[in-house]
Amino acid sequence: MSDTDEIRVIIADDHPMFRQGLRALLEALEIQVVGEAENGPAAVALAHELQPDVVVMDLHMPGGNGIEATRTITRTSPHLGVLVLTMFRDDDSVFAAMRAGARGYLLKESGAEEIARAVKAVAAGEAIYGPEIARRVLTYFLDMPDPKQAAFPELTEREREVLELIAQGRNNGEIAATLFLSPKTIRNHVSNIFMKLHVADRAQAIVLAREAGLGL
């Protein structure tokens, strides 16, 4: 949409006073509120009928929650943007909303300018998260274990390094040179790897390692 197009919004929240306040905030910034819903199913019906640019969605509402409503709206009308505006900041709520297709996630304590900016960003097809939510998402992904490290926990760090090189097709001499270890030490590591992984030979070890993402 162009900068001159008026943004059309539906507010889905079970608290009438909050809807009223948010409507006043948005309309003061020339964002048109075309409908209000007090639960998830009503939000889905209004979104289908009115085809707004953005649905501002609370998560926990009696009579139908915002996660299911978000999932339905983004599946049936993928061109519509859903901005979650809620008091819930826990990881389960944040990632459930993201998986359901929400383009944005803000806490209700956010300032008026931040909410208006988020509505405009979601209407423009962008993804936007409040500062606290963005930090939470970043921390989640930074803390995710390396899948290579998660594979074969029975191996030591050195044995995993050797297995990585085996999966790359290196022979014992090449592995020894790469890791600055003696050939005998490498042979011992290889034997331990075979024993721990219950494989009979190098070929079987390579298959297991590559299935786990090593050596690629």
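1. Helices here are DSSP runs of H or I with at least four residues, strands are runs of E with at least two, and both are numbered from the N terminus. With that in hand: just after α8, Gly169 takes a positive phi of about 90°.

2. A quick word on the source: this is a predicted model, where local features need pLDDT of at least 70, side-chain atom pairs count only at pLDDT 80 or more, and totals for chains, interfaces and linings use all residues. Residues are numbered from 1 along each chain as its sequence is written, and side-chain values use heavy atoms, with hydrogens and water left out.

3. Back to α8 (residues 157-167): eight of its eleven residues are buried, so the rest of the structure largely encloses this helix. Buried means under 20% relative accessible area, with a 1.4 Å probe and protein chains only. Among the buried ones are Glu159, Arg160 and Glu164.

4. Now the sheet. Six strands form an open sheet in the order β2-β1-β3-β4-β5-β6, with parallel pairing (two strands pair if DSSP finds at least two bridges between them). β2 (32-37) and β6 (128-129) are at the edges with a single partner strand each, so one side of each has no neighbour in the sheet.

5. Gly104 has Ile128 in β6 as its bridge partner.

6. One for the side chains: what lies over the face of Phe18? Lys108 does, at 4.3 Å from the ring centre. The rule asks for NZ of Lys or CZ of Arg within 6 Å of the ring centre and within 35 degrees of the ring normal.

Note on methods: Buried means under 20% relative accessible area, exposed over 50%, partly exposed in between (1.4 Å probe, protein chains only).
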